[in-house]
Each structure stands twice: as structure tokens, then as C-alpha cells.
Amino acid sequence: MQFYKYQGTGNDFVIIDDRNQAFNLDTPAIAALCHRRFGIGADGLMLLQMAEGYDFRMVYFNSDGTEGTMCGNGGRCLVRFAADLGIVQEKAHFIAVDGPHLAYITPSTISLQMQDVANIAQHDDDYFTNTGSPHVVRYVQQVQFTDVKNIGAAIRYSEAYQGQNGTNVNFVEKLDPQTLFVRTYERGVEDETYSCGTGVTAAALVSNTTKGMHSPIQIKTLGGELAVQFEGNSTDGFTEIFLIGPAKHVFTGEI
Ligand SMILES: N[C@@H](CCC[C@H](N)C(=O)O)C(=O)O
């Protein structure tokens, strides 16, 4: 089986061209491929499948082998893969677990439209929203010194979030009026990743609501820079949300 490795600001993925729908690996086998010591190493695995009425379908698995909810950086990488295959050119229209997505393609960036977001909830000092995947946003003073793995795991497994099978957790520091530094504990990876697209989107929308930050918001992550652009607000709902940043082919291999 041929596979392709892609990364978007360090959120890395194994991608399989599954247009013939021959992929039949189970959860442990997917986890083994994603393992960083015994496998290829990745935060997730994606299938590109055919879908009627769309350029393609995105199927996303977390690195523990479970099928995930939406992955923003994964979506951006899959669009770059579709462009590399010649399936799409400047624009892509695809279907994912959370519904249809549009994306715009340039040599340096993929701009991925995310689902509209209707509301943001406050839980004590934390905020919670769903940008295709569930996300807690917690503001911290110095995010570089935050224990993302341990505090993130405690929040992810806490009683409050078991209703939606746990949550991803973002630790956010406002660096200046237009810029956030975001570090994310990812559900399904059960560790910090270098970047999380649905997570930085959640951080940007919450920061519009709570910190008065305006679109576009620049985001620093451990793996590079992203931007989140949007219209609306938490009262009327957020629309036209775009996650913008690089997505790159790393290598191709055979297993
Ligand atoms: N890395 C992703 C988010 C992946 C989904 C998540 N782990 C989950 O299933 O909750 C992103 O870039 O959005």
C-alpha cells in the first residue's frame, strides 16, 4: 500500500489515496501506522475517497486509530494532496464528517472554510465551543511554561466533557492585539500536538468574544503560523470562518 506523509504547521498525517475504497485496516492497525517509534509516525491518518457531488470525501482517524471529528489542519493537508494528485486546482469542495467544506489553494497556503459556529459557552474560567471538533479554550499568562499534557489530560477526562466523549484543550496567550500563541492537547492523540486547526479556530472566535480581537487573527503555534478570518460574533453567530496556512508534502512511502 502506498502512503503519503503531509504536515500543516507540524500537525502531521499519513494519507492514503482510497478512491478505490480498498482500505480495510482496523483501529489497532491504524494506531500502529501512526506510532512514532514502531510506525510511520503521525497525529492522524486520512483517506481521500470519491464522493458524489464533491471533489472528494475526507475520512479522518486520530493517531489512536479511532475515527475523529473534523480536523482543520488535516483538511488543509488533504486539499493539498488532492491538488498534488490533480483532482482540484485553485478551489476544492469536499465533504467531511461535519459537512461540506470549501477551500482555496495557492502555492503557499490552503484556506479552508470551517463550519459556522453558533455559540460559545463559559465553564468557570474556561470557554467551550465546537468548530467541527469540541474545544476548551483556557487563557494562561505564559503559555510556553504551561504543562499542556498533564493539565490538558485532566480537563479532557473531566466529568464536564464526557457528554461529547471528552474534548480537545487549548492553552492560549494573547501576545498582542492581533496575535495569539496557542498550544493544544489533542483528544485521540492524547498528547500535545504542534498545532491544531479546529483548536486555533476555537481560540480565535473565543478571543473575538472575550478579548475584543478582530478578524483576521494571527496564530502562533509550536509548528508555525496560521491565521483565522471570520465574520459575525458570538451573539449572531460566526460565519465565513477560514483557517489559513501552509500544508506540505513531506515524503511518500510503501508499506
Ligand atoms: N488536529 C485536528 C483536530 C483533530 C480532531 C481531534 N483530535 C478530535 O477528534 O477531537 C485539527 O487540526 O483540527
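Me: Which residues is Glu192 in contact with, leaving aside its neighbours within four places in sequence?
Reply: Val148, Lys149, Gly152, Arg183, Thr184 and Tyr185. Bear in mind that this is a predicted model.

Me: Where does Glu192 lie?
Reply: In strand E13.

Me: Is Glu192 buried or partly exposed?
Reply: Partly exposed, because Glu192 has 19 C-beta neighbours inside 10 Å. A residue needs 20 or more to count as buried.

Me: How far apart are Glu192 and Asn168?
Reply: In space, 9.8 Å from C-alpha to C-alpha. In sequence, they are 24 residues apart.

Me: New topic. Which residues does UniProt list for "active site"?
Reply: Cys71 and Cys196, and the entry is unreviewed. They are spread over 126 residues of sequence, yet they cluster in space. The largest C-alpha distance is 7.7 Å.

Me: Where is Cys71 found?
Reply: In the loop between strand E4 (56-62) and H2. Cys71 counts as buried, because it has 31 C-beta neighbours inside 10 Å.

Me: And what is Cys71 in contact with, beyond its neighbours within four places in sequence?
Reply: Gly44, Tyr60, Gly197 and Thr198.

Me: Where does Cys196 lie?
Reply: In the loop between strand E13 (191-193) and H4. Cys196 is buried too: it has 34 C-beta neighbours inside 10 Å. Leaving aside neighbours within four places in sequence, its contacts are Asn11, Asn73, Asn168, Thr184 and Glu186.

Me: Glu186 is in that list. Where does Glu186 lie?
Reply: In strand E12, residues 179-186. Glu186 is buried, with 28 other C-beta atoms within 10 Å. Leaving aside neighbours within four places in sequence, Glu186 is in contact with Asp43, Asn168, Asp191, Thr193 and Cys196.

Me: Let's take Gly72. Where is it found?
Reply: In helix H2. Gly72 counts as buried, because it has 29 C-beta neighbours inside 10 Å. Beyond its neighbours within four places in sequence, Gly72 is in contact with Leu112, Met114, Gly132, Gly197, Thr198, Thr201 and Leu243.

Me: What about the ligand? Which residues come nearest?
Reply: Gly68, Cys71, Asn73, Gly197 and Thr198, out of 18 residues around the ligand.

Me: Which helices supply at least two residues each of the shell around the ligand?
Reply: H2 and H4.

Me: How does that shell split by class?
Reply: Two nonpolar, 14 polar and two charged residues.

Me: Back to the helices. At what angle do the axes of H2 and H4 cross?
Reply: Roughly 125 degrees. H2 covers residues 72-85 and H4 covers residues 197-211, and their axes come within 5 Å.

Me: Which residues make the contact?
Reply: Gly72, Asn73 and Arg76 of H2, with Gly197, Thr198 and Thr201 of H4.

Me: And by class, how many of each does the contact have?
Reply: No nonpolar, five polar and one charged residues.

Definitions and conventions: Residues are numbered from 1 along each chain as its sequence is written. This is a predicted model: local features need pLDDT of at least 70, side-chain atom pairs count only at pLDDT 80 or more; totals for chains, interfaces and linings use all residues. Axes are lines fitted to C-alpha atoms, for helices over the stretch in contact, and angles run from 0 to 180 degrees between N-to-C directions. Helices (H or I, at least four residues) and strands (E, at least two) are DSSP runs, numbered from the N terminus. Two residues are in contact if their C-beta atoms, placed from the backbone, lie within 7 Å. Ala, Val, Leu, Ile, Met, Phe, Trp, Tyr, Cys and Pro count as nonpolar, Asp, Glu, Lys and Arg as charged, and the others, Gly among them, as polar. UniProt positions are given in the numbering used here, feature names are shortened, and annotations may be inferred rather than shown by experiment. A residue is buried if 20 or more other C-beta atoms lie within 10 Å of its own, exposed if 12 or fewer, and partly exposed in between; C-beta atoms are placed from the backbone. A residue is near a molecule or strand if its C-beta atom, placed from the backbone, lies within 6 Å of it.
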